[in-house]
Amino acid sequence: MGYTIAEKIISSHLVSGKMVRGEEIGIRIDQTLTQDATGTMAYLELEAMGIDRVKTELSVAYIDHNTLQAGFENADDHRYIQTVAAKHGIRFSRPGNGICHQVHLERFSAPGKTLIGSDSHTPTAGGIGMLAMGAGGLDVAVAMGGGAYYITMPKMIRVNLIGKLSEYVSAKDVILEVLRLLSVKGGVGSIIEYGGEGVKSLSVPQRATITNMGAELGATTSVFPSDETTRAFLCAEGREQDYIPLSPDEDAVYDAEYTVDLSALEPLAACPHSPDNVKRASELVGMKINQVCIGSCTNSSLRDLLTVAAMLKGKTVHPDVSLSISPGSKQVYTMLAECGALADLIAAGARILECACGPCIGMGFSPGTGGISLRTFNRNFLGRSGTKDASVYLVSPETAAASAISGVFTDPRTLGVAPTITLPDKFLINDNLIEMPLSEEAAVDAAVERGPNIKPIPIGPRPDEILSGRIVLKVGDNITTDHIMPAGTKILPYRSNVPKLSEFCFTVCDPDFPERAKREGGGIILGGHNYGQGSSREHAALVPLYLGIRAVIAKSFARIHAANLINFGILPLTLENEDDYDVVAEGDEIVVPDLISLLKGSDRLPARVGDKEIFLNLSLTERQREILLAGGLLNHTRANLNT
């Protein structure tokens, strides 16, 4: 039996376990990336482990999230990351150099390599044939220290692409169609591989748009073949030496297969408030809009922005619409300026933002009250834009540009012949904003600078013999990490200050939750299906830990969040009988006796809720049991380093 693309990469990096669906495997990690919203904590964890120098082939620290400096906090965190990176052997991408996933795709990604990043959209690099996965910061810190990254061996799903995209239909419409087919839960426990003749018609940046939003499917990652298109992209970046051909074996076996006819696709839109709430753009035509945002790690490539510039040239953005454009990297920004496309965007009335995530994470450019915002981003969760009552639609750059001109939701196919975009054979290469780390000798005496906003990492306690606590919060299906630990301009500066951050935990769902959790001395959270979907932010586990949460009971969990809960010593329990969700109410006390003995070897935990007995499932590997018994991965890793 042959291998899929992902299986080929996994097999060449396997350090523990067997490639059997559903079993835990450990893989060697070649590269890591962090960004500043998660990076500060990841490097604090690296320091706490006592690791002097990273052991990966390449690790890069990017500054792209917390770039709005309305106080000292973000600037202090940036200085901490810069100095800790220099000391520990990590490259540092300075503010202004661009969004981590766009820059990494351009300058460092390589087919056949493994990458984990403390950002859920790390699978962007799958567009170049890399096995790239989002992970919690603690997992990234362990990998930087030379440890393996552990996942459950995923299922393999193949998406066959046939045909060729029509005018004004783009890669964004491809992934929206896949989301429509599979839903935000459809990729859980799976790797999505793209194949078929249609792949040849897609550039690497287009492929990266598709793999980027594979995170919204709940997939472990997504990956494309590495072919002559890949070689051409690497050659344009001056990195042809990184090219290897990579494709599945002819007799590779997939657990499921789907087919998407590119020629049959039309412009699509994800409607509020979920990326899988997909409709045809033609169904929304005429709806008045207030704002358009173009950029993010999903759609900020040179091709995307040249297309937008060509559509806007000689026109003016509608007076009722505010248009922002965020180039994905300094490379893209500079090339737009040199070819004149930037002037066309400015002349049309676009507001040019810095090369950063910006509005995608609620970091500025929030819509007005009740605003309708069209965004080329990857998530449209309620309140993520920074405005709670805004309605956010996810669209392609083509649909966004057409609508910005007209002032209403517009199908770009009504504009006539689409502009022809020709990319240069060589991209502008200037890595002057990527700082190399100090030599090992120089690093010995180098100081790491910490601002007053940086607080110690909460450490999980070892579990008690009896788990006992009240349900301090009951929530429904598809609770995202944005619900648990919101982002935005007011909150992101405190990512290195967990005590302050705790004041905002779950306030999207219940403004009284932080105070109630403190008053109760912690407790247990009850959730529905797909609990913890979305971002990889480990703060969604760290902050509940600080508030005393010892367990989360849900119908099902998103992969990264379940791993983060275990990493910080919080039990991710599932209901054996989902009907018990309706039996358990907020305020009920749940008691699990003999917890430690159960943790050592049982997957089934009996629990008392009043006079009723329910059963909870805790499917763990031996390694995960050891982590929970130690009170979290940090304790577990330090203990192993000292043995």
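The buried residues of H9 pack against H7, strand S15 (291-294), strand S16 (322-325), H10, helix H11 (341-348) and helix H12 (397-406). The model is a predicted one, in which local features need pLDDT of at least 70 and side-chain atom pairs count only at pLDDT 80 or more, whereas totals for chains, interfaces and linings use all residues. Residues are numbered from 1 along each chain as its sequence is written, and side-chain values use heavy atoms, with hydrogens and water left out. Helices (H or I, at least four residues) and strands (E, at least two) are DSSP runs, numbered from the N terminus.

Nine of the eleven residues of H9 are buried, so this helix is largely enclosed by the rest of the structure; here buried means under 20% relative accessible area, exposed means over 50%, and partly exposed lies in between (1.4 Å probe, protein chains only). The buried set consists of Leu302, Asp304, Leu305, Leu306, Thr307, Val308, Ala309, Met311 and Leu312. Just after H9, Gly314 takes a positive phi of about 80°.

Two packed helices are described by the angle between their axes and the distance between the axes. Axes are lines fitted to C-alpha atoms, for helices over the stretch in contact, and angles run from 0 to 180 degrees between N-to-C directions. Helix H9 (residues 302-312) and helix H10 (residues 330-339) have axes that come within 10 Å and cross at roughly 35°. The crossing of H9 and H10 is right-handed, a crossing being left-handed if the near helix is turned anticlockwise from the far one by less than a right angle, and right-handed if clockwise. At this contact (heavy atoms within 4.5 Å), Leu302, Leu305 and Leu306 of H9 meet Val332, Met335, Leu336 and Cys339 of H10. By class, the residues of the contact between H9 and H10 are seven nonpolar, no polar and no charged, where Ala, Val, Leu, Ile, Met, Phe, Trp, Tyr, Cys and Pro count as nonpolar, Asp, Glu, Lys and Arg as charged, and the others, Gly among them, as polar.

Another helix pair is formed by helix H6 (residues 171-182) and helix H7 (residues 204-212), which pack at an angle of about 30° with their axes 8 Å apart. That angle makes H6 roughly parallel to H7, since angles under 35 degrees count as roughly parallel, over 145 as roughly antiparallel, 65 to 115 as roughly perpendicular and the rest as oblique. H6 and H7 also cross in a right-handed sense. On the H6 side the contact involves Ala171, Lys172, Val174 and Ile175, which meet Gln206, Thr209 and Ile210 in H7. The residues of this contact of H6 with H7 divide into four nonpolar, two polar and one charged.

His121 lies in the loop between strand S6 (114-117) and strand S7 (131-134), and is buried, with a relative accessible area of 4%. Its side chain makes a polar contact with the side chain of Glu216 at 2.7 Å; a polar contact is a pair of N or O atoms within 3.5 Å, of which, within protein, one must be able to donate a hydrogen and the other to accept it, and residues adjacent in sequence count only if both atoms are side-chain atoms. Leaving aside neighbours within four places in sequence, His121 is in contact with His101, Asn212, Ala215, Glu216, Cys297, Asn378 and Arg379.

A cis peptide bond, with omega of about 0°, joins Pro272 and His273, and His273 is found in the loop between strand S13 (268-270) and strand S14 (278-280).

Two C-alpha pairs link positions that are separated in sequence. Leu14, in strand S1 (residues 14-16), is partly exposed at a relative accessible area of 30%, and its C-alpha atom is separated by 8.9 Å from that of Ala148, 134 residues apart along the chain. Not counting residues up to four places away in sequence, Leu14 touches Met19, Ile25, Gly26 and Ile27. Ala447, in the loop between helix H13 (440-443) and S21, is exposed, with a relative accessible area of 56%. Ala447 and Ala86 are 361 residues apart in sequence and 9.5 Å apart in space, C-alpha to C-alpha.
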